[in-house]
Amino acid sequence: MTTKIKKPFFRTNTRKTILLIVLTLQFLACAKNETFTIEAFKTTSGWGYSIALKNKIIIKQAIIPVINDSKSFSTKNDALKVAQLVVTRLNQNRSPTITKNDLILLKIKL
C-alpha cells in the first residue's frame, strides 16, 4: 500500500519563485553592462574628445590621430564622430586605432 504525500501548494511555488529570482539575478550579473561615455572638449586650436568607462577616462584625444600635424578637430561634431567610431570598435572588441581612411570616410576636415 502506497500513500501519496501531497506537498503544500504554497511551498513549491515559493521555491520556483526563489529559483527564478536567483537565475535572473545571475543572468543580470553576467550581462555585459559596460557603457562608454563620449565627451567633446575645447582645445586651444579646436576640439578633442574623451572616452570614459565607469567614470574613468580611458582615452583623451586632443589632436586628430594619424595625420602628421598636431592639429585639433575643427568642429565638435568631427571629434564626436571619431569618438563614436572608436567606441563602436571597442564594443566589438576590435582595435580602436583610427586610420586615415577612417577620417576620409567620416568626412573629417583635415
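**Aspartate 78**

I looked up aspartate 78 first. Aspartate 78 has 7% relative accessibility, so I log it as buried; the cut-off is under 20%. I keep in mind that this is a predicted model.

Next I asked where aspartate 78 sits. I found it in helix H2, which covers residues 76-91. Phe73, Lys107, Ile108 and Lys109 came up.

**Largest nonpolar core**

I turned to the largest nonpolar core, which holds 16 residues. Which of them touch the most other members? I noted Phe36, Tyr49, Ile51, Phe73, Val82, Val86 and Leu103. Strand E2 (47-53) and H2 each give this core at least two residues. H2 supplies the largest share, 6 residues.

**Tyrosine 49**

I checked what tyrosine 49 touches, leaving out residues up to four places away in sequence. The list includes Phe73, Val82 and Val86. Glu39, Ala40, Phe41, Ile59, Lys60, Gln61, Ala79 and Ala83 are also on it.

**Whole protein**

I stepped back to the fold. I logged 3 helices and 3 strands. Along the sequence they run α-β-β-β-α-α.

I looked up burial for the chain. Of its 110 residues, 26% count as buried. The accessible surface is about 8,600 Å², with 59% belonging to carbon and sulfur atoms.

Last, I checked contact range. Taking contacts between residues at least 6 apart in sequence, 46% join residues at least 24 apart.

Terms used. Residues are numbered from 1 along each chain as its sequence is written. This is a predicted model: local features need pLDDT of at least 70, side-chain atom pairs count only at pLDDT 80 or more; totals for chains, interfaces and linings use all residues. Side-chain values use heavy atoms; hydrogens and water are left out. Helices (H or I, at least four residues) and strands (E, at least two) are DSSP runs, numbered from the N terminus. Buried means under 20% relative accessible area, exposed over 50%, partly exposed in between (1.4 Å probe, protein chains only). Contact means heavy atoms within 4.5 Å. A nonpolar core is a set of buried Ala, Val, Leu, Ile, Met, Phe, Trp, Tyr and Cys residues joined through side-chain atoms within 4.5 Å. Accessible areas come from the Shrake-Rupley method with a 1.4 Å probe; for residues, only the protein chains shown count as cover.
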